[in-house]
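Here are a few notes for when you have the model open.

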Amino acid sequence: MENNHELFMKQAIELSENNVKNGLGGPFGAVIVKNGELIAKSANTVVPSNDPTAHAEIAAIRLACTALNTFDLKGCTIYTSCEPCPMCLGAIYWAHIDTMYYANSKEDAAKIGFDDAFIYTEIDLKLEKRKLKSTRILANDALEVFKLWQITEAKTHY
């Protein structure tokens, strides 16, 4: 059981600060802990890696999964220097992380140019109303694969 919430949060904030001071990317850091032990930590590496998904939370989740040799992070806690964007929040849910602590709010992030409100707005819209043009094609072909998945016995649920 983690009892050093402030210590772990300070580590996440320190990662975000180092990122800014060293010109490595956005001011975001994340730490993942299990049973009071640091499992993984990362800062945002979007710019140096040219990867728009290289947010601190995503990177920390990937490192934690590798360290624990699992895709299921039940029993883990994530400490993030800022309330996660929709992508990272989704990843936190998909990873089954039990608890999240955050420092800056999404409103704080918006004030410095990291505003994710448009994504939340877009998600609520019908596909044809979104800015991202989306067209469904080959649905029947793709549904055949879903049918195959349903009858396949050798599968891992996640």
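1. Start with Phe71, which is partly exposed: its relative accessible area is 44%. Keep in mind that this is a predicted model.

2. Searching the whole structure turns up four aromatic pairs. Phe71 is in one of them with Tyr158: the ring centres sit 6.0 Å apart and the planes are at 75°, over the 60 degrees needed, so this pair is edge-to-face. It connects distant parts of the chain, as Phe71 is in the loop between helix 3 and strand 3 (76-82) while Tyr158 is in the segment after helix 7 (139-151), 87 residues apart. Tyr158 itself is exposed, at 66% relative accessible area.

3. Next, have a look at Tyr79 and Tyr101. Their ring centres are 5.1 Å apart with planes at 10°, so they count as stacked. Tyr79 belongs to strand 3 and Tyr101 to strand 4 (residues 99-104), so the pair ties together parts 22 residues apart in sequence. Tyr79 is buried, with a relative accessible area of 0%, whereas Tyr101 is partly exposed at 31%. Ring pairs also bring in Phe8, giving a cluster of Phe8, Tyr79 and Tyr101.

4. Now the helices. The axes of helix 3 (residues 56-68) and helix 4 (residues 86-94) come within 8 Å and cross at roughly 25°. That angle is under 35 degrees, so the two helices are roughly parallel to each other. Their crossing is left-handed.

5. Which residues in helix 3 and helix 4 meet? From helix 3 they are Glu57, Ile58 and Ile61, and from helix 4 Met87, Cys88, Ala91 and Ile92. The contact residues split into six nonpolar, no polar and one charged.

Note on methods
Residues are numbered from 1 along each chain as its sequence is written. This is a predicted model: local features need pLDDT of at least 70, side-chain atom pairs count only at pLDDT 80 or more; totals for chains, interfaces and linings use all residues. Side-chain values use heavy atoms; hydrogens and water are left out. Axes are lines fitted to C-alpha atoms, for helices over the stretch in contact, and angles run from 0 to 180 degrees between N-to-C directions. Helices (H or I, at least four residues) and strands (E, at least two) are DSSP runs, numbered from the N terminus. Angles under 35 degrees count as roughly parallel, over 145 as roughly antiparallel, 65 to 115 as roughly perpendicular and the rest as oblique. A crossing is left-handed if the near helix is turned anticlockwise from the far one by less than a right angle, and right-handed if clockwise. Contact means heavy atoms within 4.5 Å. Ala, Val, Leu, Ile, Met, Phe, Trp, Tyr, Cys and Pro count as nonpolar, Asp, Glu, Lys and Arg as charged, and the others, Gly among them, as polar. Rings of Phe, Tyr and Trp (its six-membered ring) pair if their centres lie within 6.5 Å; planes under 30 degrees apart count as stacked, over 60 as edge-to-face and the rest as tilted. Buried means under 20% relative accessible area, exposed over 50%, partly exposed in between (1.4 Å probe, protein chains only).
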